[in-house]
Amino acid sequence: MNKFLKQSFNLTVVFFVTVSCAQSKMHLDKDKAIEERITLLMDQMTLDEKVGQMNQYNGSWDFTGPLPESGSEEEKYEHIKKGWVGSMLSVRGTDKVRAVQKIAVEETRLGIPIIFGFDVIHGYKTLSPIPLAEAASWDLDAIKNSARVAADEATAAGLNWTFGPNVDISNDARWGRIMEGAGEDTYLGVKVAKARVTGFQGTDLSANNTIASCAKHFAAYGFAEAGLEYNSAEMGTSKLYNVVLPPFKAAVDAGVRTFMNSFNTLNGVPATGDTFLQRDILKGAWNFNGYVVSDWASIREMVVHGYAADGADASAKAVTAGSDMDMESHLYVKELVKLVEDGTVDEKLIDDAVRRILRVKFELGLFDDPYKYCDAEREKSVTGSEAMNDAVLDMAKKSIVLLKNDGNILPLKKSGQRIALIGALAADKNSPLGSWRIAADDNTAVSVLEGMQEYKGNTLVYEKGTDVSLGQQLFVQEVKINSEDYSGFDAAKKAASEADVVVMVLGEVGFQSGEARSRTELGLPGNQQELLEAVFEINKNVVLVLNNGRPLALPWAAENVPAIVEAWQLGTQTGNAVAQILYGDYNPSGKLPVSFPRSVGQCPIYYNHLRTGRPVNSQDNVFWSHYIDSQKTPLYPFGYGLSYTSFKYENLKLNKSQYTKGETIELSVEVTNTGNLDGKEVVQLYINDPVASIVRPVKELKGFELVELKKGETKTVKFTLTDAELGFYNNNGDYLVEAGKFNVMIGGQSDKGLTGQFEIE
Ligand code: NOJ
C-alpha cells in the first residue's frame, strides 16, 4: 500500500471507529425517549448479546431452588464478561452488587447494566408479617406502606427488582405457599395486589428507593391439586377468568413491570410454555409491555413434564410462548442463538423479549447510573433502622386476628397477675420471621417472651413444655418435628397450676409453610396438642396464641380454650405486637382472609363456592350435600375476627330497588361501636346473583371499608356497586352483567349480616 493510500486507510479507520464510538453512546442520552434509546442500543447488539439479556443466573450465596445441572461460578463470571447475563438473582448487599455490576458495565463490549432480582416477599432484612397475615389486616394503606419500606431497605442493599407480589389466589390450606398470597378471595386479592405493586414501585421507578415488582406465579399455581407443591392445576375458563386472573390484571393496571410464570401445568400445558396465558392474555388482551421471567428452572422442567423433547425444544417452546427471561435453566444462553440461526425461532421473538427487558432497565435509570443502588452509606443508615422497625411493628399489630375471647379473658390485666407463658415458639426468635426471610439474620425476631417481658407489672414464668422443631431450619432442609419427648410437660403443668392466666404459644415453625412445604395434616405439629390439653386440664384460663403460615384445623381448641389469638408469623417485631395485643394496648381488628377448616378433609374449603343442587337437609334424609362425620361449615369463616369492643349493624339502605344496567347502586349501613373501647371494624359487602346463565357463588365479597369508631360512635358506611362488581366471565371468557335480582349482605364476616335485595332490568 503506498503512503497516501495507507494514510487515507488509517483516516477511514479512525473515522469509522469515531462514528461507531459516538453511536455506541447515543443510547445514554437521557433526553431521548426510552423507546428510541432502546432502538439505538439494540441496533448495536449481536444476537449473542441479545440472548444474553434473556439470561438470569443465581449468585453463589443463596439458593432458592434445586442446584442447576450446569454452570460453575467461573463460567457465570465468564458469561457476565461476554455480556451474556442480563440479570442476576440473589446477589445482595451494595458491595457484591457493585462488584458484579462493574464487570457488566466496565468489561463488556456494550456495558449494559445488570438488573438484580431478589425475593423481597415480606421485607428484606427487617421483616413484616408474612403476606397472608398482612392481608388479614384488610388495611390497604398499611399493606402498601409495608411494601414501600421493604423496597426502601432492599434498594439500599443494591437490589432493583423484587419477585413479588405473589398474587396467587389459594383456598387450600395444605399448600405451603398459601402464606405468600392474600388468601382465598379474588376481590380482596385484587385490592392487595394493587397496594403491593404501588408500594414497591412508588410513583417514580427511577428513584433509588423504588423497586420493579413482579406479579407471580402466572397462573393458577395456587390451585395445585391436593395442595401438593408443583402439582398440576385443572380448571375451566370461567374459574380462570373470575377467580385466578383478576389479581394479575390488577397488577398490570397498577403498572407492574414484570411477571413470573409458574411451575404448574394448567389444563395440561406448563405455564412456562403457555402461549394463551402469556401472549394472548398478558401481552395481547392486557397489553403488558414489561417482561416475563420464568420460574426457577421451569423452562428445563418442561422436559421433565414431557412437554418438550430436550433443552432446545424447551427453549423454543418457552420463548415462543412469551417467557422472556430464563431463570436458572441455563438453556436460553446455550440454545437460542442456534435456534435462531437454524430458523426454528424467529429473531423477532428475541428482539421483542430484549426490548421488554431493556425497557425496564431504562425505566429504573440503570443506564443513567448503574450504581445508583450501591450507596454503602445509605445501606448502613436504612437497614434495620428505627423507622423500619416501627413500620413493621405497625403492620404486625394490624395483622393479628382475635378468634375467640370467652369471658373477656383478654386483654390481660397489667398488674397483680401471675402469668405462665408456655411453648417453645414463645421464646423462638427465628420462627416468627416466617418463610422467605433469606436476607434476615437468624434469630432476629423479638420473641413473644421478650415482648411480654416489657410489661413489668405481672410475674411472668416461662416454660417451653415441648420442643417443636428438632431439625435445622435451613431453607433447603426438612423440618424435623418433636413428637416423642414429653420431658418438659411436668414443668409446664406446674407453672400452669400456679398461674392466674396461661398464655400458650403453639403452632408451626417458620419453615413449615412456604415453598415445598405442603402438609397432609393441619393440626398442631408434634405433641403440642397433647401439651395444650394437659395444661388446660390444670388451668382453664388459657390464651392460645397461634403461630402459623396457613390455616390450621383446631376444633378441640375452638371448643375448649377460652381465648385464641391468630398471630401467624409476624416478622421482626412479632413479640412486641403480640404483647401489645394481649395487654390491650392495641385493639385487634384483623379478619381472616381465608377460611379455617375443621379438618384437613374439608380442604379446599372456601366461602364463595358455587351453589349445589342439594345445599340443605330439607327432607330430613341423607340425600343432601354434607359430610357424615363432620359439619360442612368452616371452623372460622372468611372475614371473621373479633375485637375487644363490639359492633352493631343497622339500617342497610339502597338508594333504589330497581336499576337499569350501567347504573350505579348506592348502599349504606350504620355501624355502631357498642362496647367500651375505641376500635376498628372491617365492614364487608357481599352479593349473590341467584339466577344466572352460569351458576354463581353463594356469595362474593364486592366491597369493604375499614372504619375506626370511638366507643359509642355510629358511622354511616357507604358503598357503590357498578358493572365491574355485578358481572362475571362465562365459559367463553365473555364478561356479562345479567338482568335479574341480586341479594346483598353487609356485615362483619362472610356468614352473617344484614340482607337486602335489588333488581337490574
Ligand atoms: C422459585 C419460586 O417459585 C419463586 O417464587 C421465586 O421467586 C424463585 N424461586 C426465586 O427464588
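A salt bridge is a side-chain nitrogen of Lys or Arg within 4 Å of a carboxyl oxygen of Asp or Glu. Side chains of opposite charge can pair when their charged atoms come close. Lys710 forms a salt bridge with Asp678, with the closest N and O atoms 4.0 Å apart.

Before I continue, please note that this is a predicted model, in which local features need pLDDT of at least 70 and side-chain atom pairs count only at pLDDT 80 or more, while totals for chains, interfaces and linings use all residues. Residues are numbered from 1 along each chain as its sequence is written, and side-chain values use heavy atoms, with hydrogens and water left out.

Helices (H or I, at least four residues) and strands (E, at least two) are DSSP runs, numbered from the N terminus. Lys710 counts as exposed because its relative accessibility is 53%, whereas Asp678, at 40%, is partly exposed. In these terms, buried means under 20% relative accessible area, exposed over 50%, and partly exposed in between, with a 1.4 Å probe and protein chains only.

How many salt bridges does a search of the whole structure find? The search finds 42. In helix H17 (residues 386–399), Lys398 and Asp394 are four residues apart, about one turn of the helix, and their side chains meet at 3.0 Å, N to O. Lys398 is buried, at 14% relative accessibility, while Asp394 is partly exposed, at 30%. In helix H16 (residues 376–382), Lys380 and Glu377 are three residues apart, again about one turn. Their salt bridge spans 3.9 Å, N to O, and both residues are exposed.

I turn now to the aromatic rings. Rings of Phe, Tyr and Trp (its six-membered ring) pair if their centres lie within 6.5 Å; planes under 30 degrees apart count as stacked, over 60 as edge-to-face and the rest as tilted. By this rule, there are 26 aromatic pairs. Why is the pair of Tyr455 and Tyr583 stacked? The ring centres are 4.2 Å apart and the planes stand at 15°, so Tyr455 and Tyr583 meet the rule for stacking. This pair links distant parts of the chain, 128 residues apart: Tyr455 is in the loop between helix H19 (448–453) and strand S13 (459–463), and Tyr583 is in the loop between H23 and S17. Tyr455 is buried, at 18% relative accessibility, and so is Tyr583, at 4%.

A further stacked pair is formed by Tyr607 and Phe638, at 4.5 Å centre to centre with 10° between the planes. Both lie in the loop between H23 and S17, so the pair ties together parts that are 31 residues apart in sequence. Tyr607 and Phe638 are both buried. They also belong to one aromatic cluster, together with Trp138, Tyr187, Tyr686 and Phe704.

The loop between helix H23 (574–582) and strand S17 (647–654) also holds Val622. Val622 is partly exposed, with a relative accessible area of 47%.

Charges may also sit over rings: NZ of Lys or CZ of Arg must be within 6 Å of the ring centre and within 35 degrees of the ring normal. Lys216 lies over the face of Trp436, at 5.6 Å from the ring centre. Lys317 is placed over the face of Tyr307, at 5.4 Å.

Finally, consider two helices. Where is Ala557 found? Ala557 is in helix H22 (residues 555–560), and it is buried, at 1% relative accessibility. Leaving aside neighbours within four places in sequence, Ala557 is in contact (heavy atoms within 4.5 Å) with Lys404, Leu532, Leu544 and Ile564. Of these, Leu532 is 25 residues from Ala557 in sequence and 8.4 Å away in space, C-alpha to C-alpha.

In helix H13 (residues 311–321), the buried residues include Ala314, Ala318 and Val319. Their cover includes helix H11 (275–285), helix H12 (301–305), helix H14 (332–341) and helix H15 (347–364). After H13 comes Gly322, whose phi is positive, near 110°. Thank you for your attention.
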